[in-house]
Amino acid sequence: MLKLYGGARSRASIVHWYLEELEVPYEFVKLDMQAGEHLKPEYLAINPVGKVPAIVDGDFKLWESGAILLYLADKYSKTPLSLQERAVFYQWVLFANATLGPGIFGEENREREMPRLLTPLNEIFSRQPFLLGNEFTVADVALGSILNYIPMILKLDLSPYPAVLNYMKQLSDRPAFQRSIGGRT
């Protein structure tokens with residue numbers, strides 16, 4: 001059975017959300033980060049950097065939330081995707097982790113980056129319910145998790161982006177979201 005390693009208040013909740021969406025059986029291994037369990041040799045054998053999340057799927061080990069999301073999407077996709085279609089998923093997952101997250105959560109860039117990043121997203125969500133159209137995908141997990149962390153962590157005013165707010169609400173109402181990120185403490 002697939003094992004997901006994470007800690008309280010970690011990005012493991014993003015992978016947890018996607019596993020719940022996929023309805024894939026898994027075991028969540030909660031590491032006590034305060035006690036340094038993520039720095040013990042047993043865990044460093046899974047992720048030598050000592051960060052969470054990580055997964056173990058049989059003999060296969062993988063860390064970094066975006067890489068894990070893409071692996072799970074490839075493994076459990078019900079529809080075969082072309083190289084170009086998969087590249088679009090990669091683009092949005094990488095955008096969420098490398099551009100949107102730092103742009104919003106990095107205080108030094110937020111004032112400049114927030115309108116630059118959220119205005120085009122607002123336009124996309126004013127035309128369609130999900131990032132890539134009418135179907136919920138791994139791209140929505142990556143992007144939606146970052147967006148839904150904003151009110152949990154920063155309490156920023158997102159009222160200039162009503163379609164983004166609607167998208168965030170739509171995602172946060174999903175049962176799988178509620179069982180994962182929505183249940184964060």
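UniProt lists residues 1-80 as "domain: GST N-terminal", in an unreviewed entry; its positions follow the numbering used here, feature names are shortened, and annotations may be inferred rather than shown by experiment. Over residues 1-80 the chain is 34% helix and 25% strand, and the end C-alpha atoms are 24 Å apart. Helices (H or I, at least four residues) and strands (E, at least two) are DSSP runs, numbered from the N terminus.

A word on the model: it is predicted, local features need pLDDT of at least 70, side-chain atom pairs count only at pLDDT 80 or more, and totals for chains, interfaces and linings use all residues. Residues are numbered from 1 along each chain as its sequence is written, and side-chain values use heavy atoms, with hydrogens and water left out.

Now to the charged pairs. The structure holds 7 salt bridges, each being a side-chain nitrogen of Lys or Arg within 4 Å of a carboxyl oxygen of Asp or Glu.

| Salt bridge | N to O distance |
|---|---|
| Lysine 75 and aspartate 57 | 2.5 Å |
| Aspartate 74 and arginine 86 | 3.5 Å |
| Aspartate 173 and lysine 169 | 2.7 Å |

Take the lysine 75 and aspartate 57 salt bridge at 2.5 Å. Because lysine 75 sits in helix H3 (residues 65-76) and aspartate 57 in strand E3 (residues 54-57), the pair ties together parts that are 18 residues apart in sequence. Lysine 75 is partly exposed, with a relative accessible area of 40%, while aspartate 57 counts as buried at 14%. Here buried means under 20% relative accessible area, exposed over 50%, and partly exposed in between (1.4 Å probe, protein chains only).

Next comes the salt bridge of aspartate 74 with arginine 86. Aspartate 74 lies in helix H3 and arginine 86 in helix H4 (residues 83-105), so this pair links parts that are 12 residues apart in sequence. Both partners are partly exposed, aspartate 74 at 40% and arginine 86 at 29%.

Finally, look at helix H6 (residues 138-154). Its 17 residues reach 24 Å from first C-alpha to last, close to the 24 Å expected at 1.5 Å a residue; the expected span is 1.5 Å times one less than the number of residues. H6 bends by about 25 degrees at glycine 144, the bend being the angle between axes fitted to the seven residues ending there and the seven starting there. Because 13 of its 17 residues are buried, H6 is largely enclosed by the rest of the structure. Lysine 155 follows H6 and has a positive phi, near 60 degrees.
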